[in-house]
Amino acid sequence: MRQVNMTISLAFLAPDLVRAAVEGRLPRGIGVERLRDTPAEWGRQFEAFGLNPQ
C-alpha cells in the first residue's frame, strides 16, 4: 500500500519538475521521498524547493 501511495503522489508533480528529476538537475537533497510530499499546485511545488519554474 505504501508503494501505491508514493506512486500516486508522484503522479501529480509538475512536468518540468519530473523532467529535472529524470535528468538529474534537482538540487542535492531533493529526492523521491521529498518530492512525494509536495503541494498539488504546480507553482507551489517549485516554491517548496526554492526553484524557479522554467
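Guide: The account below begins with the overall fold and then turns to each pair. This is a predicted model, in which local features need pLDDT of at least 70 and side-chain atom pairs count only at pLDDT 80 or more, while totals for chains, interfaces and linings use all residues. Residues are numbered from 1 along each chain as its sequence is written, and side-chain values use heavy atoms, with hydrogens and water left out.

The protein has four helices and zero strands, in the order α-α-α-α from the N terminus; helices (H or I, at least four residues) and strands (E, at least two) are DSSP runs, numbered from the N terminus. Of its 54 residues, 22% are buried, where buried means under 20% relative accessible area, exposed over 50%, and partly exposed in between (1.4 Å probe, protein chains only).

There are three salt bridges in the structure, each defined as a side-chain nitrogen of Lys or Arg within 4 Å of a carboxyl oxygen of Asp or Glu. One of them joins D16 to R19, with the closest N and O atoms 2.5 Å apart. These two residues lie about one helical turn from each other, because they are three residues apart in helix 2 (residues 15-22). D16 is partly exposed at 27% relative accessible area, and R19 is partly exposed at 41%.

E23 pairs with R25, the closest N and O atoms being 2.7 Å apart. Here E23 is partly exposed at 48%, as is R25 at 40%.

In the pair R36 and D37, the corresponding N–O distance is 3.9 Å. R36 is partly exposed, at 22%, whereas D37 counts as exposed, at 56%.
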